[in-house]
Amino acid sequence: MTSDDPNADQFDELNDARWPELEAEDSPSEGPSPSGPPISADFVERTLGRVLEDRAQIDEEAERVDSFEFPRGFLQNYEVPATSPGFVQRTLDALADDDEFSQSAEDRELSRLLRAFGPDSISGGFVDRTLDALHDEQEKRDDEEPLRSALPHYELPPVSANFVDRTLETVLADREQDETEATPSNVHSMWSWRGAALRLAAAVLVSAGIVFFAFDDDDLPTQTPGANNDVAEAPSDLDLHLATNRLGTQLEDDEEILRVETVDPLILMMQQAALAQAQQSPTRNR
Amino acid sequence: MIEITNDLVRQAQAGDQDAARQIIERLHRPIIGTVYRFLGSRFASEAEDIAQDVFLKVFRAIDRFDHDRGVKFTTWVYTFVRNHCFDILKKRRLPTVSMSPIDEDGPRIETEDESMAQPREELENSELGQKIEEALSGLGADQRLAFVLREYEGLDYGSIAQVMGVSEGTVKSRLHRAKEALRTRLSPYLRAGA
């Protein structure tokens, strides 16, 4: 029963009348409930007692429902005014104008159409055929069951302890052999980092000699006063940079796959090779 | 209680307008009567509109009526009457206090209308009808509806229980209380008419 129910007010008044009594019966030890008014300890028992009492009263009254009847025709003095003419037609018109009812009619029509969109008839024995197929499928599964049960017993032999190490060694050896057997047509394999390093080191030695003898006197760096000028001057960082750039460009032109990240250690190698060759060259007098 | 056959309901569910017309023709008087007697003569000018609204709701939902649930179509329609009338009472906040001396559902009010004591023969039937209405309006809504459905529309206890959503025992109890209240209230006319 909702609070808007006509009889709700009656219950509200009953409830209101009970609150003072409940508060008076409250046990002090219970204290106020944080979620509502305090509830007496025997609330459930008292409520149950009232419910049972009410139930008994209802049963008693129900048994006496026919104990009194109004005299025949007495209640008919309370007549209902005659219905205005055309009520039925007005109601039917209202139904026809009612969007919600019209929608229901459309839904019904749609349902009929949907039902019509389907197989005209189901072939005879469909159910039996389906059941037979299911039965056959089950029998097939049953036949396979012993084999399926036996499969877990087919165990694998134990793996040797050094299997992983042996496999790894085999893989590495195989890779090294591939690099060794690389053919000229296999550019990518040939330009593995080892091959590239060797080729670049050779190229650096040749190019560094070219760079060193290509220096003009004016291009030589200024000598430091007081220094041992009998010793051949080492190429400056700029010279080495120019030389390596030249070499890098040449290599890039030859092979596009040369990557930047592989150049860094190679530059270092080229610098070291050029420096060593410069130190071993004969002293040049200015 | 007027019965509506399942075939007629199925035809109406299929969208047959003739079936809808037959249902309205057969049920409109009891429905208007129930609305009028439950809400009282103050709704006399609206009773037909209210009944029409009930029919609209019934036919909007008629597809949902399940023949297999063992509920009579007429009983199902009366649930719409009940719900719609209770909605009206809620919206208008009409008081529904009981003046039954044995009614424990709420406070009692005493009517100081001296004409209530006049013998029945001194009153025209319409005036007696007015006294019956006044006595009915003093009942609680549940008792009043149970009484109207039982005494005026002839529904059995089980159907009333289905309409009101309570047990048969509760229906009988409410009817007993309603009768006792009305008998007390109308006793001068009952004695005169007996």
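The predictor assigns the complex an ipTM of 0.75 and a pTM of 0.51. For chain B, the mean pLDDT is 84, with 82% of its residues at 70 or more. Within chain B, helix 7 (residues 157–164) has the highest confidence, at 96, while helix 9 has the lowest, at a mean of 73. Residues 97–117 of chain B stay under 50 in pLDDT, and the model has 44 contacts beyond four places in sequence for them. Chain A has a mean pLDDT of 66, and 42% of the residues score at least 70. Helix 2 of chain A has the highest mean pLDDT among the elements of that chain (91), and helix 1 (residues 8–25) of chain A the lowest (44). The pLDDT is below 50 over residues 1–29 of chain A, a stretch with 28 contacts beyond near neighbours in sequence. Residues 256–262 of chain A also stay under 50, with seven contacts beyond four places in sequence. Where pLDDT is low, the predicted coordinates should not be read in detail.

Turning to the fold, chain B is built with nine helices and zero strands, and chain A with ten helices and zero strands. Of the 194 residues in chain B, 42% are buried; of the 286 residues in chain A, buried residues make up 9%. In chain B, 65% of the contacts between residues at least 6 apart in sequence join residues at least 24 apart. For chain A, residues 24 or more positions apart account for 57% of the contacts with a separation of 6 or more.

Leaving aside residues up to four places away in sequence, B:Val35 touches B:Ala47, B:Ile50, B:Ala51, B:Val81 and B:Cys85.

In one of them, the axes of helix 7 and helix 8 of chain B come within 8 Å and cross at roughly 100°. Helix 7 of chain B is therefore roughly perpendicular to helix 8 of chain B. From helix 7 of chain B, B:Tyr157, B:Gly158, B:Ile160, B:Ala161 and B:Met164 meet B:Glu168, B:Val171 and B:Lys172 of helix 8 of chain B. By class, this contact of helix 7 with helix 8 of chain B has five nonpolar, one polar and two charged residues.

In the other crossing, the axes of helix 6 and helix 8 of chain B come within 9 Å, at an angle of roughly 95°. Helix 6 of chain B is thus roughly perpendicular to helix 8 of chain B. On the helix 6 side of chain B, the contact is made by B:Asp142, B:Gln143, B:Arg144, B:Ala146, B:Phe147 and B:Arg150. Helix 8 of chain B supplies B:Val171, B:Arg174, B:Leu175, B:Arg177 and B:Ala178. The residues of this contact of helix 6 with helix 8 of chain B divide into five nonpolar, one polar and five charged.

Finally, the two chains meet through 49 residues from chain B and 36 residues from chain A. On the chain B side, helix 2 (17–39), helix 3 (47–60), helix 4 (73–92), helix 5 (125–137), helix 6 (141–152), helix 8 (168–185) and helix 9 (187–193) each supply at least two residues. Helix 2 of chain B provides the largest share of this side, ten residues. By class, the side of chain B that touches chain A comprises 19 nonpolar, 14 polar and 16 charged residues.

A:Val65 sits in the loop between helix 2 (43–63) and helix 3 (87–97) of chain A. A:Val65 counts as buried because 20 C-beta neighbours lie inside 10 Å. Not counting residues up to four places away in sequence, A:Val65 touches B:Lys172, B:Leu175 and B:His176.

Notes
Residues numbered from 1 in each chain as written. Chains lettered and ligands numbered in written order. Predicted model: local features only at pLDDT ≥ 70, side-chain atom pairs only at ≥ 80, totals over all residues. Helix = DSSP H or I, 4+ residues; strand = E, 2+ residues; numbered from the N terminus. Nonpolar A, V, L, I, M, F, W, Y, C, P; charged D, E, K, R; others polar. pLDDT = per-residue confidence, 0-100. Buried ≥ 20, exposed ≤ 12 C-beta atoms within 10 Å, placed from the backbone. Axes fitted to C-alpha atoms, helices over the stretch in contact; angles between N-to-C directions. Parallel < 35°, antiparallel > 145°, perpendicular 65-115°, else oblique.
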